[in-house]
Amino acid sequence: MSDIRAEQLAEELIRLDLKRDELWEELLKAAGSKAYLLLRCAQNKA
């Protein structure tokens with residue numbers, strides 16, 4: 001794998017991580033204390 005491709009992948013992972021944090025905050029607002037349970041249920045279905 002080239003250094004350029006590795007750098008692109010690292011940058012994409014950072015963007016995805018930031019997006020995940022953003023979505024988690026939205027889920028917390030929408031589902032409150034049930035957010036973690038909803039996330040786990042969704043993961044088990046995937």
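1. Helix α1 (residues 3–31) packs against helix α2 (residues 35–45) at an angle of about 120 degrees, and their axes lie 9 Å apart. Axes here are lines fitted to C-alpha atoms, for helices over the stretch in contact, with angles running from 0 to 180 degrees between N-to-C directions. Helices (H or I, at least four residues) and strands (E, at least two) are DSSP runs, numbered from the N terminus.

2. Who makes this contact (heavy atoms within 4.5 Å)? From α1 come Trp 24, Leu 27, Leu 28 and Ala 31, and from α2 come Ala 35, Tyr 36, Leu 38 and Leu 39. By class, the contact of α1 with α2 has eight nonpolar residues, no polar and no charged. In this scheme Ala, Val, Leu, Ile, Met, Phe, Trp, Tyr, Cys and Pro are nonpolar, Asp, Glu, Lys and Arg are charged, and the others, Gly among them, are polar.

3. A word on the source: this is a predicted model, where local features need pLDDT of at least 70 and side-chain atom pairs count only at pLDDT 80 or more, while totals for chains, interfaces and linings use all residues. Residues are numbered from 1 along each chain as its sequence is written, and side-chain values use heavy atoms, with hydrogens and water left out.

4. Overall, the chain has two helices and zero strands. Its C-alpha atoms fill a box of roughly 45 × 20 × 10 Å along the principal axes.

5. Of the 46 residues in the chain, 4% are buried. Buried means under 20% relative accessible area, exposed over 50%, and partly exposed in between (1.4 Å probe, protein chains only).

6. Two residues of helix α1 are worth a look. Ile 4 is found in α1 and is exposed, at a relative accessible area of 62%. Ala 30 also sits in α1, and it counts as exposed with 70% relative accessibility.

7. For distances, C-alpha to C-alpha, Ile 4 and Ala 30 are 39 Å apart in space and 26 residues apart in sequence.

Notes:
Contact = heavy atoms within 4.5 Å.
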